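Good morning, and thank you for making time for this presentation.

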Amino acid sequence: MALEINIGEEYNIKIEKGEEFDESIFKDVYRQAAKCVEEIITQSQKGIVPSISNDSYNNIIAFTGERGTGKSSSMISFAEALINKKDNSHKTFFTKGKKKNKAYKNINETEIDSLDVIDPSLFKGDDKLFEIIISKMFSKFQKEITGGVLNISQDDKRKLIKHFQKVFNNLKVVHKGKSDVYDKEAIEALSDLAYGTNLKDNFGKLVDVFLKTIGKGSDFILIVIDDFDLNISGAHEMLEDIRQFLIQKNIILFIACKIEQLQDSVNQEIVQNFKTIINNDTIQNVYLSEEVNDKSERYLDKLLPLEKRINTPSFNLNNSSKDVLNIYGEDVDKDVYKGKSIEKTILELIYRKTKHIVTSNDFENIIIPSTLRNIANVTTFIYREKNIEAYKRVLFKGINSDLKTDYINFFKEIENTPNKSLNQYIVNWIGSVNNKILENNREGKNFKRLLYSVRLRSESNNNRHIHLITEASNFANVSYADVMLLIRSLEEYRIFSDKDLFKLYSYIKLYYSLRISLSNKTELLELVNGEMTNSELKFLRSEQGASDRHEFKIEYKPVDLFKLIEDRRSLFNFKENNQPNKEETKEDYNTSVELYFWLSFFFTQLGTPALRYRNESEVQHKTIAKKIGNPYQTVTFNALAFLHNTLSTKLVLKRFFPDHNLVKQTPLFDKIEVWNKKLKENSNYYNIFNFQLFDEFLTELYNKAMDKNLDSNGSFGKDLHNFIVNGLSEVINVFKVKYPYLDLTPILDNPIIKYWNENLEAVTTLLDLIRKIKNEDEIKKEAIKLTKSYIKNIKRAKDKPRTIKVLVNKLNEFEFKGKKVIKDTLMNFYEALRNEENKDYHDSYLNELFDYLNNLEA
């Protein structure tokens, strides 16, 4: 099924031909309408007409649905086809495949005439539906008399005029009321009363004569009423006109309406009748409200039975992923916007016209409108405006219509928040909302489900991490990764039925992505704030033993790590063709400096940040190794940090290098500088920073990593190249299929990726080296933990030297840097405590031993 939008004609009602019905998005509407018409004709032919004892006959078909779902288009399209069913453009729907459409036999054998479409929303003052219908019939009669092609005899004209006169006289009596009837003579008064009660019968006779003459012998007159519910004040009165006068054997009635709004109008009328009771402020009003709804529902069920209500489709992705959207127009490239789903077409349109990415969603994409009218409006608006501000207006329209007032105010506030403090504002606000819900729940006030779990005493590090993020007080220490982790926590905690939470985090992701698109490089780095991912955002599979690959600490100061690489320079086998030639070689250039420089683009943190570092004044992602006292004993390695670090080379140098000049003499430095200069503001490289896309990117990268069969014989360097370099290429290919218009290949042109590929053997050796250091650090931590645990054993032991010797033997099972020093120290205490000549000093030795063990650091 295909939805078609013609740019420039989007506000016109789209009328489809009968031959298009079976391929239309409204095909089920058309088929159900045809079935209902068949039933009406059958009932009429059997003489099942309303009477005092029989009200089973119903000639009303209601096209129902939300605003903009195509009620008018489908109703009028079907009415046109029904009236002109013998035309070539319509008849195939009613006759094609006789067995298939055997149920349409009555329609094909019945002639149907019609009046012009009636729009109650245009009624003025005292306009009445029934009067408008009669006036339209008379207008059609006048046209035929003055300029029509019908050959109507004078007798038929007089007969028709006579019936119009009778109906008109009936109406006069009805509208005058009964007050002045009883002032007349008895016979005259009774005559007037008879006229009033005979209005329905006389109207039916008028329709009969009208159909035989003006309708050229038609069997039914079709009355089509559009936007029935928009005349809010008159809706109930129109329903009464239908109930009292229009349920006739020779009438078929189509109405387009939103049932809920129609019920509101009926409720209003009922409430007016109970006004004095409702004004009494008692608990009975609660029950009265329920009774009002019950009365109006039963009233509508009788007048508009469920089987005669035809719902138009809404376009959420749960039920319309197969529906196609085609966009046409004078300057529209038909090949681009044709033959794809509604979601894919609109997402591609947004990107091509604004260069902003919106990702697809298998559950429900809230940026995609759910009604025909809104799909047409959004599509046309984006197409014509061709800028990101147009998309922004569409986004805020959705926010204002879909979210609660408090949430809407939040988006208004962050719209006025600068990039540097945006992350903090988002996480603080989410935390405050969650805390407010928690407080109300504890006080028993209107229990609500939380936005995320707050079990602080839980063993889950993630819960603790989330809590600390939401309490951040220094905006400079709240990162892109923190926002990502918090939003993912909302997603994971949400239950399926919680639509409000789904919409909230979906709009946050959409808005945050928009802020990324509106940012220049400097503003983008303010949002990143040093981290796009962290230890909690896992995007690679762990090693055996659950040791993380995606992020880990290296227990070396930057200067010591550089010295280690320098000392082991001979390990790194650089290919000759990757070395600079004599003309390119700069003074003092060496490969170990360049290798360490390459490695530094994967560093995020210096030292181990305090638990509440987001509340401290020191900016974590700007700390430098040269700080007085040189307090930073570690660096944190993150396998994707190069994506943002390569955009701020000066900061990397400042943080991790004691001598910038050594680095600036390397070819890699020049390549990164040239790459940055060529990187324009609208470069496709920046697409990866889109919040929605990067979230999906991490998930896809993790999935690819889980699918890989590793044959690297335990080489961390080879595995990481497979996961990151090959993994990036694989994910980009996946996205190329999913988003064909999106180019992410510039990521592979990043100088860090190129250097990795060009110096694969050397880089693999380097990565294996730092991983070995990391593994040794973990072994050392385990060994020292064991060593400290022996303090109690030694204190309790009768033979303390023997217990110390047992500990030394256990340490022999571990291999780590510094083991010999610890063993030698322990053996010195062992010998001292065995020496009986020094017995008076044993207590002092033990105290020294315990101090030593307590002060051991991993």
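The chain contains 34 helices and 11 strands. Please keep in mind throughout that this is a predicted model. Of the chain's 858 residues, 51% count as buried. As for contacts with a separation of 6 or more, 75% of those in the chain are between residues 24 or more positions apart.

Let me turn to the aromatic rings. How many aromatic pairs does a search of the whole structure find? The search finds 51. A pair of aromatic rings is described by the distance of the centres and the angle of the planes.

Phe602 belongs to the loop between helix 23 (591–600) and strand 10 (603–606), while Phe637 belongs to strand 11 (residues 635–638), so the pair ties together parts that are 35 residues apart in sequence. Both Phe602 and Phe637 are buried.

The next pair is Phe603 with Phe656. Here the ring centres are 5.3 Å apart and the planes are at 75°, so the pair is edge-to-face. Phe603 lies in strand 10 and Phe656 in helix 25 (residues 649–656), so this pair ties together parts that are 53 residues apart in sequence. Phe603 is buried, with a relative accessible area of 1%. Phe656 also counts as buried, at 2% relative accessibility.

Elsewhere, ring pairs join several residues into a cluster: Phe21, Phe26, Tyr30, Phe63, Phe78, Phe93, Phe94, Tyr104 and Phe254.

Rings also meet charged side chains. Lys353 lies over the face of Tyr383, 4.1 Å from the ring centre. In another example, the charged end of Arg449 sits over the ring of Tyr493, at 4.1 Å from its centre.

I now come to helix packing. Two packed helices are described by the angle between their axes and the distance between the axes.

Consider helix 28 (residues 691–707) and helix 29 (residues 716–738). Their axes are 9 Å apart, and the two helices pack at an angle of about 120°. They are therefore oblique to each other. Helix 28 passes helix 29 in a right-handed crossing. Which residues meet here? On the side of helix 28 they are Leu693, Glu696, Phe697, Glu700, Leu701, Lys704 and Ala705. On the side of helix 29 they are Phe723, Gly727, Leu728, Glu730, Val731, Val734, Phe735 and Lys738.

Helix 8 (residues 199–213) and helix 9 (residues 235–246) give a second case, with axes that come within 9 Å and cross at roughly 75°. That angle makes helix 8 roughly perpendicular to helix 9. Leu199, Lys200 and Phe203 of helix 8 make the contact with Arg243, Gln244, Phe245 and Leu246 of helix 9.

Helix 23 packs with helix 27 (residues 667–678) at an angle of about 40°, their axes being 9 Å apart. Helix 23 is thus oblique to helix 27. From helix 23, the contact involves Glu594, Phe597 and Trp598; from helix 27, it involves Pro667, Leu668, Phe669 and Ile672.

Leu720 lies in helix 29. Is Leu720 buried or exposed? At 0% relative accessibility, Leu720 counts as buried. Leaving out residues up to four places away in sequence, Leu720 touches Leu540, Phe637, Ala639, Val725, Trp756 and Leu767. Leu540 is 180 residues away from Leu720 along the chain, and their C-alpha atoms are separated by 9.0 Å.

Glu543 is placed in the loop between helix 21 (521–528) and strand 9 (551–554). Glu543 counts as buried, at 16% relative accessibility, because the cut-off for buried is under 20%. Apart from neighbours within four places in sequence, Glu543 is in contact with Arg549, Phe716, Arg771 and Asn775. The C-alpha atoms of Glu543 and Asp719 are separated by 9.8 Å, and the two residues are 176 residues apart along the chain.

Finally, Asp126 is found in the loop between strand 3 (112–114) and helix 5 (129–147). At 64% relative accessibility, Asp126 counts as exposed. Asp126 and Gly234 are 9.4 Å apart in space, C-alpha to C-alpha, and 108 residues apart in sequence.

Conventions: Residues are numbered from 1 along each chain as its sequence is written. This is a predicted model: local features need pLDDT of at least 70, side-chain atom pairs count only at pLDDT 80 or more; totals for chains, interfaces and linings use all residues. Side-chain values use heavy atoms; hydrogens and water are left out. Rings of Phe, Tyr and Trp (its six-membered ring) pair if their centres lie within 6.5 Å; planes under 30 degrees apart count as stacked, over 60 as edge-to-face and the rest as tilted. Helices (H or I, at least four residues) and strands (E, at least two) are DSSP runs, numbered from the N terminus. Buried means under 20% relative accessible area, exposed over 50%, partly exposed in between (1.4 Å probe, protein chains only). A charge sits over a ring if NZ of Lys or CZ of Arg is within 6 Å of the ring centre and within 35 degrees of the ring normal. Axes are lines fitted to C-alpha atoms, for helices over the stretch in contact, and angles run from 0 to 180 degrees between N-to-C directions. Angles under 35 degrees count as roughly parallel, over 145 as roughly antiparallel, 65 to 115 as roughly perpendicular and the rest as oblique. A crossing is left-handed if the near helix is turned anticlockwise from the far one by less than a right angle, and right-handed if clockwise. Contact means heavy atoms within 4.5 Å.
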